[in-house]
Amino acid sequence: MFGVLPDYVRCGLEDLIVCINKTFPVPKRFAPHLGAEIAALSRLLTSARSERDAGYLGRANFRSAYLRFFLPWNVFRLCKLFAGKDGENRVFPINPPKNGVCADLGSGTLTTPLALWICFPQLRETPLVFYCLDSCAKALEDGITLFNAFTTDKNKEKPLLWTIKPVKTNVFRFKLPQKADLITAFNLYNELFGAVKQGDLAAMELFAQKTKNQLSPALKEGGGVLIAEPGIPRSGQFLSLLRTVFINSGYSIKLPCAHDGRCPAPGGKKGAKWCHFVFPVDEAPAALQAVSREASLEKEKATVSFLYAEKNSKNKIPASRNRNLTALRVISGSIRLSGAVSGVYCCSKHGLVLALDRENARSPVSGDLIYREFPQKKDYDKKSGALIV
Ligand SMILES: C[S@@+](CC[C@H](N)C(=O)[O-])C[C@H]1O[C@@H](n2cnc3c(N)ncnc32)[C@H](O)[C@@H]1O
């Protein structure tokens, strides 16, 4: 799933940072405090979520911090996801038709439209309408200013074919004037399920059902929905429950699952595996790494949990062409086991699997799709209960 970013994506990310600095120059008197503002906002978005109020992005200091740190890191995360292996072999079947309708929920500073524009050059040639929904009008305003400046800079001689329509609304009450071909939401739902009591599985199930009930009427038949979240355990749990609700409603799960059976990484309990992916960040722009150092928030890796499903789509997850092989999605980094043996945890239609590295082969990495033959004699890992292949 994650490969080396192609040059046009790397360039897009670097140009985005230049454009942010040019479009939103930090006033001289604020510049020395930027690192501290980023660190304060990071705390509110992670460990101190309960102290955050709904309008946090309305405050100028936090918006400036968001634009310089969170927005570019989030665009980077999405670019890693969208670009796929080496930018050629795209794993994301995102292909809205001409004059198609897209809706981005909790759009903030238009993170997802920016990442789509950078990663899918062919989509730039397609007239699309983008409804960008958020409860914070100021974040949307900044997003539109940035999107216009960035796409004009990058596409000098061509007119912008995307119509961006900002909608200030609470996503619990959203209604689109047209059904969408594509609905996206990135880093939104963890702000909403914060109200669900930790450990209350029934309440989280209800929240997942409510989410689907709300999204479904807004989506065309065959349309796609992408929900991506930080790779934290609760996001993994929410997405696993949402996946079940989608499957029960006739949706096809396209990614990241290798099957449409029971989810073997539903999270929700202490020590339980949850579905998330981890990738290195050494390809992120140097200027972004420098801002991160300034805020003492240097990163070595980034994480994401996500689900991409299509409504009543006929395209089911393709079975392996070789009937003896089973598809496995790698959901961990390489784990050192006894002696020189190492392996990775994977999701499969047979449940959680511990795939041991093949002799002389490169270890698979988080997000890879690999195929293995299942042993006749079943052997289970004592610690995790995973089937060993
Ligand atoms: C962490 S930001 C994510 C923004 C953007 N999607 C990104 O990934 O960079 C979460 C966004 O959700 C918005 N939001 C939170 N609760 C909302 C609600 N109930 N209705 C609409 N927007 C909401 C916030 O205003 C904020 O812009």
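I began with overall size: for 389 residues a compact globule would have a radius of gyration near 21 Å, and the protein chain agrees, at 21 Å. I took this radius over C-alpha atoms, and the globule rule is 2.2 Å times the number of residues to the power 0.38. The model is predicted, so to speak of local features I need pLDDT of at least 70, and side-chain atom pairs count only at pLDDT 80 or more, while totals for chains, interfaces and linings use all residues. Residues are numbered from 1 along each chain as its sequence is written, and side-chain values use heavy atoms, without hydrogens and water.

**Entry 1: the chain**

I found nine helices and 14 strands in the protein chain. These are DSSP runs numbered from the N terminus (helices: H or I, at least four residues; strands: E, at least two). Along the principal axes, the C-alpha atoms fill a box of roughly 65 × 45 × 45 Å. I noted that 53% of the 389 residues count as buried. Buried is under 20% relative accessible area, exposed over 50%, partly exposed in between (1.4 Å probe, protein chains only).

**Entry 2: helix H7**

I looked up H7, residues 201-215. Its 15 residues reach 21 Å from first C-alpha to last, close to the 21 Å expected at 1.5 Å a residue. The expected span is 1.5 Å times one less than the number of residues. Which residues of H7 are buried? They are Met204, Phe207, Ala208, Thr211, Lys212, Gln214 and Leu215. They cover an arc of only 165° around the axis, which puts them on the same side of H7. The arc uses directions from the helix axis to the C-beta atoms. The face turned away from the buried side carries exposed Ala202, Leu206 and Lys210. The buried residues pack against several elements, including strand S1 (100-105) and helix H8 (233-248). Contact here means heavy atoms within 4.5 Å.

**Entry 3: salt bridges**

I searched the whole structure and got eight salt bridges. The criterion is a side-chain nitrogen of Lys or Arg within 4 Å of a carboxyl oxygen of Asp or Glu.

Arg63 and Asp142 meet at 2.6 Å, N to O. Arg63 sits in helix H3 and Asp142 in helix H5, 79 residues apart. Arg63 is buried at 13% relative accessible area, and Asp142 is buried at 10%.

Lys311 pairs with Glu221, closest N and O atoms 3.8 Å apart.

Lys254 and Glu310 meet at 4.0 Å, N to O. Both are buried.
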